[in-house]
Amino acid sequence: MWDWNYAFEILPELLVALRMTVVATLLGFLTAVIGGLLLAFAIRSRFAGLRLAAKGFNDFIRNTPLLVQVFFLYYSLPILAGISIPAFYTGVLGLGLHYSTYLSEVYRSGIEAVPRGQWEAAVALNYSKADTWRSVILPQAIPPIIPVLGNYLIVMFKETPILSAITMVELLLTAKNIVSESFRVFEPYTLVGVLFLAISYPSSLLIRRLELRMNLQRGK
């Protein structure tokens, strides 16, 4: 049976873990946002070697599980390259690299939606490549894809339990540790589900509202 006293007793510990989970998600998302944009640039590069390397990286990452990638970064990389990364930063890096490949495609769709005339206008105004991207293309390409980026942020948040496999003390691993001490599974795992829902559902509603507002603005 559900024990409210026990639930309130373990809730503070779970909230601390939730904060760690949210921070890991935000840092991973920031990594993915930057990495995805760099990958999108590389895939559009005139240099065949860079373009092929970026496409190969995308294909490899997107066709292997996130869990395997995180295991490689945490357990295999120290053996192969002598590089040892703490579990928290390994989780952030794993999430960031994995989802950067998906965000690169999101960026690509936004970039390709910019009318060709905008590129031609930038050339006519004698803009440099950097100025063209910074002042003309990205300001038009990024706003329409913001809701999609927001959806990926929520997906990343829900993927964080995978990081418990490398001993990162996130929400699920904290619940497992509590269960191992008390042998009560009902309250800890139920609270984990409720906490994930409490973050994910309102966020999805906000993103949906943002998407509707942006669609209305584009329709005017």
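Here is a short walk through this predicted model, from the whole chain to a few residues.

Me: What share of the contacts joins residues 24 or more positions apart?

Reply: For this, look at contacts by their separation along the sequence. Of the contacts in the protein chain with a separation of 6 or more, 76% are between residues 24 or more positions apart. As for burial, 39% of the 220 residues are buried.

Me: And the surface? How much of it belongs to carbon and sulfur atoms?

Reply: Take the total first, then its make-up. The accessible surface comes to about 12,700 Å², and 66% of that belongs to carbon and sulfur atoms. Charge is another thing to read: the chain carries 18 positive and 13 negative side chains, with the centres of the two sets 14 Å apart.

Me: Which residues form a nonpolar patch on the surface?

Reply: Val23, Leu27, Leu30, Ile34 and Leu38 do, with about 430 Å² of accessible area together. Leu38 belongs to helix H1, which covers residues 4-43.

Me: Why does Leu38 count as exposed?

Reply: The idea is to compare relative accessibility with a cut-off, and exposed means over 50%. Leu38 has 55% relative accessibility, so Leu38 counts as exposed.

Me: Now a serine in a helix. Is Ser100 buried or exposed?

Reply: The cut-off for buried is under 20% relative accessible area. Ser100 is buried because its relative accessible area is 2%. This residue is found in helix H4, residues 87-112. Setting aside residues up to four places away in sequence, Ser100 touches Ala32, Gly35, Gly36, Leu39 and Phe57.

Me: Where does Ser164 lie?

Reply: Ser164 is in the loop between helix H7 (146-159) and helix H8 (171-182). With a relative accessible area of 11%, Ser164 is buried too. Beyond its neighbours within four places in sequence, Ser164 contacts Glu170, Leu172, Leu173 and Lys176.

Key: Residues are numbered from 1 along each chain as its sequence is written. This is a predicted model: local features need pLDDT of at least 70, side-chain atom pairs count only at pLDDT 80 or more; totals for chains, interfaces and linings use all residues. Side-chain values use heavy atoms; hydrogens and water are left out. Buried means under 20% relative accessible area, exposed over 50%, partly exposed in between (1.4 Å probe, protein chains only). Contact means heavy atoms within 4.5 Å. Accessible areas come from the Shrake-Rupley method with a 1.4 Å probe; for residues, only the protein chains shown count as cover. Lys and Arg count as positive and Asp and Glu as negative; His and the chain ends are not counted. The place of a charge is taken as NZ of Lys, CZ of Arg, CG of Asp or CD of Glu. Patches are made of residues with over 30% relative accessible area and no salt bridge: like charges are joined within 9 Å, nonpolar side chains (Val, Leu, Ile, Met, Phe, Trp, Tyr) within 5 Å. A salt bridge is a side-chain nitrogen of Lys or Arg within 4 Å of a carboxyl oxygen of Asp or Glu. Helices (H or I, at least four residues) and strands (E, at least two) are DSSP runs, numbered from the N terminus.
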